[in-house]
Amino acid sequence: MKIAFVSGKGGVGKSSLCFLTALSLRDAGKEVSVDDRDPQKSVSSWIDLERDGISDGEGEFTLIDTRPSIDHKSVIQAISEADRIVMPCTPSPGDITAARATVEVVLGLMKEGAKAALVLNMVKGGTNFAEDAPDLLKAMGVPVMNTQIPDRQSIQRAVLLGWRALDSKTQGIIFKLALEILS
Ligand SMILES: Nc1ncnc2c1ncn2[C@@H]1O[C@H](COP(=O)(O)OP(=O)(O)OP(=O)(O)O)[C@@H](O)[C@H]1O
Ligand SMILES: [Mg+2]
């Protein structure tokens with residue numbers, strides 16, 4: 001199964017969620033590989049082969065990271081070959097409006113049988129907008145995941161330290177995300 005992380009916007013968490021989803025699937029005993037198609041090579045540089053047990057290239061689950069674009073040919077290619085497309089988005093009114101463009105392109109390009117959904121990332125506790133965002137998005141016809149990823153320093157540390165940098169609650173949220181992506 002190929003899972004692509006896509007957004008027209010930079011810095012929304014494509015690489016972080018790609019890496020963390022890979023770690024959680026690996027932790028669940030799956031054979032995972034990462035196909036890093038972003039020239040920044042963030043995810044490739046975060047993977048420590050011995051520590052993380054994640055390889056480059058194709059595996060039972062191949063997680064594809066992409067550059068911040070929806071019209072670059074490498075991103076179009078990733079969208080068209082993926083079985084699952086994850087579109088991270090921060091819960092701010094501007095980002096949510098911008099995400100509609102990503103969603104429209106993705107829904108138009110993805111293959112038959114594929115599934116795509118937006119995931120709210122960097123959600124700060126106590127922000128009313130994050131609570132309203134799923135309903136707002138659904139009303140706009142945008143598929144949105146039930147799992148929301150909180151804003152956590154441990155998520156930033158995980159790129160250096162791997163899975164063990166996450167407290168068990170955050171690990172649980174990432175597992176939930178992985179399960180929802182696969183469902
Ligand atoms: N849930 C989170 N909590 C806290 N920080 C986060 C979270 N998700 C991502 N970040 C931080 O936000 C920044 C951008 O994340 P990331 O590099 O994953 O985004 P990206 O969409 O891949 O960016 P680019 O478009 O440049 O490739 C990083 O500093 C990352 O550590
Ligand atoms: Mg990135």
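Which elements cover the buried residues of α4? In this predicted model, where local features need pLDDT of at least 70, side-chain atom pairs count only at pLDDT 80 or more, and totals for chains, interfaces and linings use all residues, the cover includes β1 (2-5), β4 (61-65), β5 (84-89) and α5. Residues are numbered from 1 along each chain as its sequence is written, chains are lettered from A and ligands numbered from 1 in the order in which they are written, and side-chain values use heavy atoms, with hydrogens and water left out.

The buried residues in question, on helix α4 (residues 73-81), are Ser 74, Val 75, Ala 78, Ile 79 and Glu 81. Here buried means under 20% relative accessible area, exposed means over 50%, and partly exposed lies in between (1.4 Å probe, protein chains only).

Stepping back to the whole chain, the secondary structure comes to 8 helices and 6 strands, where helices (H or I, at least four residues) and strands (E, at least two) are DSSP runs numbered from the N terminus. In order from the N terminus, the elements run β-α-β-α-α-β-β-α-β-α-β-α-α-α. The radius of gyration of the protein chain is 15 Å, close to the 16 Å that the globule rule gives for 183 residues, so the chain is as compact as a globular protein of that length. This radius is taken over C-alpha atoms, and the globule rule is 2.2 Å times the number of residues to the power 0.38. Of the 183 residues, 51% count as buried. Contact means heavy atoms within 4.5 Å; among contacts between residues at least 6 apart in sequence, 75% join residues at least 24 apart.

Empty space comes next. Rolling a probe the size of a water molecule over the atoms shows where empty space is left. On a 1 Å grid over the protein atoms alone, a cavity is a set of points where a 1.4 Å probe fits but cannot get out, while a pocket is an open set with protein on both sides within 12 Å along at least five of seven lines; lining residues have an atom within 4 Å of a point. Grid points are joined across faces, edges and corners, and a volume is the space filled by probe spheres set on the points.

The largest pocket has a volume of about 180 Å³. Of its 14 lining residues, the closest to the centre are Gly 11, Gly 13, Lys 14, Ser 15 and Gln 40. Helix α1 (14-27) gives the largest share of this lining, 3 residues. By class, the lining has 4 nonpolar, 8 polar and 2 charged residues, with Ala, Val, Leu, Ile, Met, Phe, Trp, Tyr, Cys and Pro counted as nonpolar, Asp, Glu, Lys and Arg as charged, and the others, Gly among them, as polar.

The search also finds 1 cavity of 30 Å³ or more. Among the residues that line the largest cavity are Ser 7, Met 87 and Thr 102. Thr 102 sits in helix α5 (residues 93-109) and is buried, with a relative accessible area of 4%. Beyond its neighbours within four places in sequence, Thr 102 is in contact with Val 6, Ser 7, Gly 8, Ile 70 and Met 87.
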